[in-house]
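I opened the notebook to record what I looked up in this structure. The entries follow in the order in which I made them.

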Amino acid sequence: MKEMENCIRTVRAWTDSLPQKPLAYVHTFGCQLNAADGEKLCGLLQEMGYGMTDSTQQASLILYNTCAVRENAEDRVFGTLGSIKKLKLENPALVLCVTGCMTAQPTVAEKLRKSYPYVDIVLGSNAVQKLPEMLCDHIQGKRFAWDIDVSTDIPENVPTARESTFKAAVPVMYGCNNFCTYCIVPYVRGRERSRKPEAILEEVRSLIDSGYKEIMLLGQNVNSYGKDLEQNMDFPSLLREIDKLPGDYWIRFMSSHPKDAGPALMDAVLECEHLAKHLHLPVQSGSNAVLQRMNRRYTVERYLEQVAYIREKCPDFSLTTDLIVGFPDESEADFQGTLELMRKVRFDNMYSFIYSKRTGTKAAVMPDSITDAEKSERMGRLLALQREIAVENNRRFVGRVLRVLTDGESKKRPGMLTGRSSENMLVEFPGTSAQIGQFVNVKITDSHSGMVSGVLTD
Ligand code: SAM
Ligand code: SF4
Ligand code: F3S
């Protein structure tokens, strides 16, 4: 930490000596955990004297915070880096920095070194706090600053430039131990490390005191929270501790792995006053054979029991999920199992992905006889079913009053605002900008695909 602070001071002295405040452009790819890292990277850059810009043309530092979860995520980054080369040739003083999950793969790091030699700084994942050190090296003349170790540090007390003034992401743990056979995350993010509960509680308390209305607790599998801590603390207990903090706010969290989402978690979610009525429980597949090959360590039957437990106590509870289509050798019968599970659970929303082969994972060497065309065709059927279910599900809100946290103005319909209900339902209603960032009550008059609409009420 001392090192970080010293380096911040050195870079700050350098930026202060420039005739104009330098501007930084930061782009984050990938998940909400990466976005939370991105906010820390921006916080550090500001602390080091940079202003922020949305334009790569105006920037004197460009930073890409990358994602490796699927091949297309990586392709996007390589494409972007290719298009930035021109700027670097025009302005050799431009600092180009790549960090995040992609850099933690040796093959990618090698590709960066060979094919993108104009990148100045390559920084591994979990290493936001090292950015000042790398910039320090760079301004002191080191042509190529390179550190791709998967850091095991937990970044505490790192300056954070939050994107929103009312919604905040708070990582509770880093890394993943699950090694689902398709997934690169454990390789690029390292083993599970939990933050101390006191640090989390302090951060949440201070956010609530500063007017934040929604806190999203983040981890690759929040249900593993606390297993590595000396003190006796697990995720349901952490939720109950946070819930005791006074104030008008919602708590959400993601992701929850079904293998250890037991009654203690469900009860905490149902009983805590500040917990949103929504659970994201990624199921990945509705076939036991596929779940086993994925190393998910639960069955369809157990997943359905968890859903039944929560729905029995709260029939209206909102569930969302992640699904992978076209896992190696997924048969039509396996895929039918997924559609069947969707019909039984009736998710309000889902994130579905066509399986993407990740070098280094176990699934990458599994035999796969399904063609890309079959995978796309299955994805089409899955999306059509989900649309049908969501349209029917959304009708349950018509005539009811939903408490909504207003996000902003509708991009499609001027004069309309959008926000999310406790169930995480997208709600559109007429209102004024003064309501942005506030809780409002909306009487729902119509339901559509993917959203509901209504009018403000008391
Ligand atoms: N830790 C979370 C969990 O287990 O639910 C998921 C985190 S992962 C970043 C988000 C989602 O990406 C996963 O739930 C999975 O559906 C999807 N995913 C991960 N690896 C994938 C791959 N190789 N191909 C396609 N989708 C993948
Ligand atoms: Fe990937 Fe599985 Fe870990 Fe989620 S739990 S990050 S899918 S390995
Ligand atoms: Fe991508 Fe890394 Fe998140 S691989 S999904 S940015 S943890």
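**Entry 1**

I started with Asn 295, which counts as partly exposed because its relative accessibility is 24%. I was working from a predicted model throughout. Asn 295 sits in the loop that runs between helix H10 (288–293) and helix H11 (300–313). I checked its backbone and found phi near 60 degrees, a positive value in a residue other than glycine.

I then looked up Asn 424, which is not a glycine either and has a positive phi of about 70 degrees. I placed Asn 424 in the loop between strand S16 (416–421) and strand S17 (426–430). Its relative accessibility is 24%, so I put Asn 424 down as partly exposed.

Next I went to the peptide bond between Met 254 and Ser 255, which is cis, with omega about -5 degrees. Ser 255 belongs to the loop between strand S11 (250–254) and helix H9 (263–271). I noted these backbone values because most residues other than glycine have a negative phi, and most peptide bonds are trans.

**Entry 1: ligand 1**

Which residues are closest to ligand 1? I found 15 residues around the ligand, and the closest are Gln 220, Pro 282, Gln 284, Asp 322 and Ser 356. By class, I counted seven nonpolar, four polar and four charged residues in the shell around ligand 1. Strand S13 (318–325) and strand S14 (349–354) each contribute at least two residues to that shell.

A backbone N or O atom of Gln 220 is 2.6 Å from a nitrogen atom of ligand 1. For Ser 356, a backbone N or O atom is 2.8 Å from a nitrogen atom of ligand 1. The side chain of Arg 296 has an N or O atom 3.3 Å from an oxygen atom of ligand 1. I also looked up how much of the ligand is covered: ligand 1 taken alone exposes 560 Å², and the protein buries 91% of that.

**Entry 3**

I listed the residues around ligand 2 as Cys 176, Asn 178, Phe 179, Cys 180, Tyr 182, Cys 183, Val 185, Pro 186, Gln 220, His 257 and Arg 296. By class, the shell around ligand 2 has seven nonpolar, three polar and one charged residues.

Around ligand 3 I found Cys 31, Asn 34, Cys 67, Ala 68, Val 69, Cys 101, Arg 189 and Gln 220. I sorted the shell around ligand 3 into five nonpolar, two polar and one charged.

I followed Gln 220 to Met 173: the two are 47 residues apart in sequence and 7.7 Å apart in space, C-alpha to C-alpha. Met 173 is in strand S8 (residues 173–174). I put Met 173 down as buried because its relative accessible area is 1%.

**Entry 2: helix H3**

Does the length of H3 (residues 71–90) agree or disagree with 1.5 Å a residue? The 20 residues should span 28 Å, and the end C-alpha atoms are 30 Å apart, so I recorded agreement. H3 bends by about 30 degrees at Ile 84. Ile 84 is one of the buried residues of H3, with Ala 73, Glu 74, Val 77, Phe 78, Leu 81, Leu 87 and Lys 88 also buried. I set the spacing of that list beside a general point: an α-helix has 3.6 residues a turn, so residues three or four places apart point the same way.

I looked up Thr 15, which is in helix H1 (residues 2–17). Thr 15 is buried because its relative accessible area is 3%. Its side chain reaches the backbone oxygen of Arg 12 at 3.0 Å.

Met 350 is in strand S14. I put Met 350 down as buried because its relative accessible area is 8%. Met 350 and Glu 312 are 38 residues apart along the chain, and their C-alpha atoms are separated by 21 Å.

Last, I placed Val 391 in helix H13 (residues 372–394). Val 391 has a relative accessible area of 26%, so I recorded this residue as partly exposed. Val 391 is 43 residues from Asp 348 in sequence and 8.9 Å from it in space, C-alpha to C-alpha.

Note on methods:
Residues are numbered from 1 along each chain as its sequence is written. Chains are lettered from A and ligands numbered from 1 in the order in which they are written. This is a predicted model: local features need pLDDT of at least 70, side-chain atom pairs count only at pLDDT 80 or more; totals for chains, interfaces and linings use all residues. Side-chain values use heavy atoms; hydrogens and water are left out. A residue is near a molecule or strand if one of its heavy atoms lies within 4 Å of it. A polar contact is a pair of N or O atoms within 3.5 Å; within protein, one must be able to donate a hydrogen and the other to accept it, and residues adjacent in sequence count only if both atoms are side-chain atoms. Accessible areas come from the Shrake-Rupley method with a 1.4 Å probe; for residues, only the protein chains shown count as cover. Helices (H or I, at least four residues) and strands (E, at least two) are DSSP runs, numbered from the N terminus. Ala, Val, Leu, Ile, Met, Phe, Trp, Tyr, Cys and Pro count as nonpolar, Asp, Glu, Lys and Arg as charged, and the others, Gly among them, as polar. The expected span of a helix is 1.5 Å times one less than its number of residues. The bend at a residue is the angle between axes fitted to the seven residues ending there and the seven starting there. Buried means under 20% relative accessible area, exposed over 50%, partly exposed in between (1.4 Å probe, protein chains only).
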